[in-house]
Amino acid sequence: MFLPTTRQEMNNLGWEQPDIILVTGDSYIDSPFIGVAVIGKMLIHAGYRVAIIAQPDIHSDKDICRLGEPRLFWGVSGGSIDSMIANYTSLKKRRRSDDYTPGGINNRRPDRAVIVYTNLIKRYFKSAKPIVLGGIEASLRRIAHYDFWDNKIRASILFDAKADYLLYGMAETAAVQLAEALQNNSDVRDIRGLCYIAGEHDEPEKRAGYLELPPYETAAGDSRAFIDMFHTFYHNNDPLTAKGLYQKHGNRYLMHNPPAMPLTQHEIDAVYALDFERAQHPWYERLGKVRALETIKFSIPTHRGCYGECNFCAITVHEGRTVQWRSAKSIVAEAKKLTAYPDFKGNILDLSGPTANMYGFECEQKMQRGHCPGKRCLYPKVCPSLKPDHHHQLELLRKLRRITGVKKVFIASGIRHDLLLSDRHNCEHYLREVVEHHVSGQMKIAPEHTEEGVLRTMGKPGTASLLQFKRLFDRMSTEAKKKQYLTYYLIAAHPGCTDADMKKMKQFTSRKLNINPRQIQVFLPAPSTYSALMYYTGLDPFTKEPLFVEKDMRGKERQKDIIIK
Ligand code: SF4
């Protein structure tokens, strides 16, 4: 079932008033890949009446008022992508297209959507029920953070939006707990994964064990204090070990509870067993189709979280660095459901998670005692305690291939090649089967750069594993008599990267990888990432030594052109 989007649809369900109204910056796509759909379905499953308003008109009441006021709360999300990242390129040019907007035209998602939608609600509902922020935009901006578009440290978005609560990370459990607490008029302040604002007389230090972050005003004016703030924030992101945090903003406090506990496999299977339509809601589809559906409709999410901890990536701060995966049974059941769709052509387009080959294994120590402070699981090399084991994914792929009606299962998300190479028992079997059955002409991997100094600032492995992987891939493709090749995600103008580094990368790609790349991303400092910290401060946050940062837009273009021209 779709969540209702109009009064008529609510009437058809016999609902007079929704308990919760979700407002989102994407068109309404009912898919397990879309956070707001997952949250809505979880709340419905828990017994609440949940309606949705997607991409409301922000200049009138015609959309925001069409369902009335919710009984319990408004949930506001900027959509699947931070609205500033969705609306602007890394060279700060306006993007013309939007894969989550009908017709693919970028004309429905306001800048700073979370703030704009909260103001919209407040404009028309004077006695507004609590407004709860969620989704990646809110999650990455939950504490003081660097904003590339304003080129300054902004306050927690909870203050800027003047909302009541913020749920960060994958918030299914927290959203249901919040609805229960509001329904029962009970205290919400102990919910994990919740941020709220405390007044100056609420004495946040009374919250046992909470750590104080440098105040927003101090972090905004002092790069070193901002770095210290970010380290404390980042290291208190593991559900098993994190302490609550608080940060003064003016004379009030942002209260940041520890993250939600990871879901058990039973719980995560239950999330994906919910009844998703895998379609755009017809009310929005009449405005035009969304491109995102072309890839997600027949793809299957297998896991969440990533312990890669690349410094430019926001997944660690949003989804966490503990990988949680679904059972093979749950994934196979979903694949069988896909075969019943009349437009399913037999191809599962992506069997995916943030990093494709993290499915099915985690570090035992991390699962029991939390992440190691000051240590990373993959950098500078794969930690032996991780014990990579790709046989779980191999078995899953074999099961999927045997399903009647499934012709091909593709792995289109990036494979972490150093992780695969460190699995001595399964590396060759895994890659051989991927090469033979799961690649559609090209396979993406993400070295991001080739020069040692830049790779260090990115937190990425060196080129030895890249070349080893390429040799293996090429050999296996030849043995399989398949013409297929690797494609590489590369980044220009990351902090620490000079024109000279780009020239060396150009040489490396043509001499060692035998390619002339036609595509390269210019680095974009996503909020609440280590690379954004480097970009803003011009310091290496781990040594506090000065670091070269290309900030001039022409300089960034020049770095890009060195590769593609
Ligand atoms: S022991 Fe190694 S794999 Fe486990 S959490 Fe620590 S760094 Fe990561």
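**Domains, helix packing and ligand shell of a predicted model**

The chain is assigned domain 1 (7-196), domain 2 (298-438) and domain 3 (441-565), with bounds that come from an automatic or database domain assignment. The structure is a predicted model, in which local features need pLDDT of at least 70 and side-chain atom pairs count only at pLDDT 80 or more, while totals for chains, interfaces and linings use all residues. Residues are numbered from 1 along each chain as its sequence is written, and side-chain values use heavy atoms, with hydrogens and water left out.

The C-alpha centres of domain 1 and domain 2 are separated by 29 Å. To their contact (heavy atoms within 4.5 Å), domain 1 contributes 10 residues and domain 2 contributes 10 residues. The size of an interface is often given as the accessible area lost when the parts come together. Between domain 1 and domain 2 the buried area is about 840 Å², and carbon and sulfur atoms give 67% of it; buried area is the accessible area (1.4 Å probe) that two parts lose on being put together, summed over both. Of the area that domain 1 buries against domain 2, 56% is supplied by F33, L140 and M170, more than by any other three residues.

Helices and strands are DSSP runs numbered from the N terminus, helices being H or I of at least four residues and strands E of at least two. Helix α9 (residues 223-235) packs with helix α22 (residues 530-537) at an angle of about 175°, and their axes are 11 Å apart. Axes are lines fitted to C-alpha atoms, for helices over the stretch in contact, and angles run from 0 to 180 degrees between N-to-C directions. The angle makes α9 roughly antiparallel to α22, a term for angles over 145 degrees, whereas those under 35 count as roughly parallel, 65 to 115 as roughly perpendicular and the rest as oblique. From α9, S223, F226, I227, F230, H231, Y234 and H235 meet Y530, L533, Y536 and T537 of α22.

Around the ligand are C363, Q365, K366, C372, R376, C377, C383, S385 and L386, a residue being near a molecule or strand if one of its heavy atoms lies within 4 Å of it. This shell comprises five nonpolar, two polar and two charged residues. Ala, Val, Leu, Ile, Met, Phe, Trp, Tyr, Cys and Pro count as nonpolar, Asp, Glu, Lys and Arg as charged, and the others, Gly among them, as polar.

The peptide bond from Y379 to P380 is cis, with omega near 5°. P380 is placed in the loop between α15 (364-369) and α16 (391-401).
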